[in-house]
There are 2 protein chains.
Amino acid sequence: MYLKEKTIESEIVFKGRIITVRNDKAVLEDGTVVGRELVVHSGGVCIVPVTEDGEIIMVRQFRYPFGEPLIEIPAGKLETGEDPREAGLRELKEETGAAAKNFEYLGVTYPSVAYLSEKIHMYLATGLEFSKQSLDDDEFLDIMKFKFGDVIKMIETGEIKDGKTMTAVLLAARRYGI
Amino acid sequence: MYLKEKTIESEIVFKGRIITVRNDKAVLEDGTVVGRELVVHSGGVCIVPVTEDGEIIMVRQFRYPFGEPLIEIPAGKLETGEDPREAGLRELKEETGAAAKNFEYLGVTYPSVAYLSEKIHMYLATGLEFSKQSLDDDEFLDIMKFKFGDVIKMIETGEIKDGKTMTAVLLAARRYGI
């Protein structure tokens, strides 16, 4: 049987620009006291942008935790209080220069549920109109286009490893029957 | 164009049981210095266990970051240096009591690539033989069984939100043609 947990102690051990880290104690319903490490993150959005030719617009950027570039769908961090849909449209525009006529919700995914509060909202963008990228100062990325079916293959063969990309593209593929 | 990053300063700001948190500085190829917050995690495994009747064995447990129970596939943390396949078989046994005759690799997923080093290895387990659960002291969970197609529906409707579960089940569905 699963047991509810109630916070009885909470200590902020790190407060950064992106994450806040807490070292908590919680009591279970049966009285057991357990330590709980928690990474607090404001959440994010990611977008599967599909062109009229059935291609997905992707980005490739260096990812510090892995020391190598990864291929991902466009994505970004939610500003505090920001509406996920607005954030999705903003990030799509900033990273790829695209505005989307249709912006369909694919759902939410929790990337690492044991200790991370991050929630990522996923969208499917079609009816794209392109203008100029406008990246953040510390953001450098390549824009790439792949056929939808090729992205699925890259997920199945392990060339794409980013979790949000895998989840959102596989969900979008089911909607499209791909 | 994406730019490589090189660590020039690294400070451990928290060392817990599950995560180590670093507050680093990195220099980009163009000379720009940027702050990089990093959560170091030893990685994990998750398993899609499918019975002869085409049901997936799932677990429901309280998840502290969300203050509610979540439905997930069996999973666990890699011990340092542990082989992912061994860890997968161990976690499957501990959480569900099942041994698997067939244990097929589905690939790896990186749950939150901007600041988290965690990698989760995914497996598909069939030919299951059941004995007793043997959970950790602070681990309490419900075992649940759902038809494969119903798990897909729960992912599509948002009843299942756990990232590794979404990715691994959607990948397994493609292999089975479900």
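Modeller: Let us start with domains, whose bounds come from an automatic or database domain assignment. Chain A is divided into domain 1 (5–41) and domain 2 (44–109 + 118–176). The C-alpha centres of domain 1 of chain A and domain 2 of chain A lie 31 Å apart. Please note that this is a predicted model, in which local features need pLDDT of at least 70 and side-chain atom pairs count only at pLDDT 80 or more, while totals for chains, interfaces and linings use all residues. Residues are numbered from 1 along each chain as its sequence is written, and chains are lettered from A and ligands numbered from 1 in the order in which they are written.

Biologist: How many helices and strands does chain A have?

Modeller: Helices (H or I, at least four residues) and strands (E, at least two) are DSSP runs, numbered from the N terminus. In chain A there are 3 helices and 10 strands, and their order along the sequence is β-β-β-β-β-β-β-α-β-β-β-α-α. The C-alpha trace of chain A spans about 60 × 40 × 30 Å along its principal axes.

Biologist: How is the relation between chain A and chain B to be read?

Modeller: Two copies of a chain are related by a rotation about an axis and a shift along it. Copies are superposed by least squares on the C-alpha atoms of residues with pLDDT of at least 70 in both. Here a rotation of 180 degrees, with 0.0 Å of shift along its axis, superposes chain A on chain B with an RMSD of 0.0 Å. The two copies are therefore related as by a two-fold rotation axis. The same surface serves both copies, as 100% of the contact residues of chain A recur in chain B.

Biologist: How many residues take part in the contact, and which elements supply them in chain A?

Modeller: Two residues are in contact if their C-beta atoms, placed from the backbone, lie within 7 Å. By this rule the contact takes 57 residues from chain A and 57 residues from chain B. Among the elements of chain A that give two or more residues to this side are strand 1 (5–15), strand 2 (19–28), strand 3 (33–41) and helix 3 (163–176). The side of chain A that touches chain B divides into 30 nonpolar, 12 polar and 15 charged residues. In this count Ala, Val, Leu, Ile, Met, Phe, Trp, Tyr, Cys and Pro are nonpolar, Asp, Glu, Lys and Arg are charged, and the others, Gly among them, are polar.

Biologist: Is B:Glu72 buried or exposed?

Modeller: A residue is buried if 20 or more other C-beta atoms lie within 10 Å of its own, exposed if 12 or fewer, and partly exposed in between, with C-beta atoms placed from the backbone. B:Glu72 is buried because it has 26 other C-beta atoms within 10 Å. B:Glu72 is found in strand 6 (residues 68–72) of chain B. Leaving out residues up to four places away in sequence, B:Glu72 touches A:Val113, B:Met58, B:Val59, B:Asp162 and B:Thr165. One of these, B:Asp162, is 90 residues from B:Glu72 in sequence, yet 6.3 Å from it in space, C-alpha to C-alpha.

Biologist: Which other residues would serve as comparisons?

Modeller: B:Leu70 is also found in strand 6 of chain B, and B:Leu70 is buried, with 20 other C-beta atoms within 10 Å. A:Val40, which lies in strand 3 of chain A, is partly exposed, with 14 other C-beta atoms within 10 Å. Of the 178 residues of chain A, 42% count as buried.

Biologist: Which residues of helix 2 of chain B are buried, and which are exposed on the other side?

Modeller: An α-helix has 3.6 residues a turn, so residues three or four places apart point the same way. In helix 2 (residues 148–157) of chain B, the buried residues are B:Val151, B:Ile152 and B:Ile155. They cover an arc of only 100 degrees around the axis, so they are on the same side of helix 2 of chain B. The arc is that of the directions from the helix axis to the C-beta atoms. On the other side of helix 2 of chain B, B:Gly149, B:Lys153 and B:Thr157 are exposed. The cover over the buried residues of helix 2 of chain B includes strand 5 (55–63), strand 10 (142–147) and helix 3 (163–176) of chain B.
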